Amino acid sequence: SMYPGAKEGDIGIVTAKDLDGGDIIEFVDTEDGHVKIHRLIGRDDNFVYAKGENKQDIEKLIAEQIVGHVTILKKEENPEVYAYISDILHQRLHRKI
């Protein structure tokens with residue numbers, strides 16, 4: 001969980017960029033295949049280390065697990081931008097192909 005930094009209903013925008021300590025990242029958990037979001041807390045030559053805001057466990061990741069950098073768009077802080085992006089996402093998800 002990334003609460004209180006990210007709450008239910010917030011939108012996460014994932015982009016490719018060089019990652020720095022403290023960044024929020026999206027990654028694929030190899031144990032269950034789920035996509036998760038945690039904060040990058042460190043790295044060494046072989047691994048990237050990440051941790052959820054409300055968890056004590058540290059995730060030990062390889063570069064291939066990382067999807068990208070996450071920017072959290074909070075509904076209450078950016079209501080106009082949130083509404084615009086939410087509408088676009090809703091239209092794309094419900095578009096008939």
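Modeller: His 69 counts as buried, at 13% relative accessibility. Keep in mind that this is a predicted model.

Biologist: Happy to start there. What makes His 69 buried?

Modeller: Buried means under 20% relative accessible area, and His 69 has 13%, so His 69 counts as buried. This histidine lies in strand β6, residues 66-73.

Biologist: Which residues does His 69 touch, leaving out those up to four places away in sequence?

Modeller: Its contacts are Ile 13, Val 14, Thr 15, Lys 17, Leu 19, Asp 23 and Ile 24.

Biologist: Let's turn to rings. Why is the pair of Phe 47 and Tyr 49 called tilted?

Modeller: The search of the whole structure finds 1 aromatic pair. In that pair, Phe 47 and Tyr 49 are 6.5 Å centre to centre, with 50 degrees between the planes. Planes under 30 degrees apart count as stacked and those over 60 as edge-to-face, so the rest are tilted. The 50 degrees of Phe 47 and Tyr 49 therefore give a tilted pair.

Biologist: How do you know that the charged end of Lys 60 sits over the ring of Phe 47?

Modeller: The charged end of Lys 60 is 4.4 Å from the ring centre. The distance cut-off is within 6 Å, and the charge must also be within 35 degrees of the ring normal. Lys 60 is listed as sitting over the ring of Phe 47.

Biologist: Now for the charged pairs. What makes Asp 29 and Lys 36 a salt bridge?

Modeller: Side chains of opposite charge can pair when their charged atoms come close. The cut-off is within 4 Å, and Asp 29 and Lys 36 meet at 2.6 Å, N to O. That pair is therefore a salt bridge. Asp 29 is buried, with a relative accessible area of 8%, whereas Lys 36 is partly exposed at 22%.

Biologist: How do you know that Lys 36 and Asp 32 meet in a salt bridge too?

Modeller: They are 3.9 Å apart, N to O, and the limit is within 4 Å, so the pair qualifies. Asp 32 is partly exposed, with a relative accessible area of 39%.

Biologist: How many salt bridges does the search find in the whole structure?

Modeller: The search finds 3. One of them joins Glu 53 and Arg 39, with the closest N and O atoms 3.0 Å apart.

Biologist: Why does the pair of Glu 53 and Arg 39 tie together parts apart in sequence?

Modeller: Because Glu 53 lies in the loop between β4 (48-51) and β5 (59-61), while Arg 39 is in strand β3, the pair connects parts 14 residues apart in sequence. Glu 53, at 32% relative accessibility, is partly exposed, and so is Arg 39 at 25%.

Biologist: Gln 56 is found in the loop between β4 and β5. What makes Gln 56 exposed?

Modeller: Exposed means over 50%, and Gln 56 has 70% relative accessibility, so Gln 56 counts as exposed.

Conventions
Residues are numbered from 1 along each chain as its sequence is written. This is a predicted model: local features need pLDDT of at least 70, side-chain atom pairs count only at pLDDT 80 or more; totals for chains, interfaces and linings use all residues. Side-chain values use heavy atoms; hydrogens and water are left out. Rings of Phe, Tyr and Trp (its six-membered ring) pair if their centres lie within 6.5 Å; planes under 30 degrees apart count as stacked, over 60 as edge-to-face and the rest as tilted. Helices (H or I, at least four residues) and strands (E, at least two) are DSSP runs, numbered from the N terminus. Buried means under 20% relative accessible area, exposed over 50%, partly exposed in between (1.4 Å probe, protein chains only). Contact means heavy atoms within 4.5 Å. A salt bridge is a side-chain nitrogen of Lys or Arg within 4 Å of a carboxyl oxygen of Asp or Glu.
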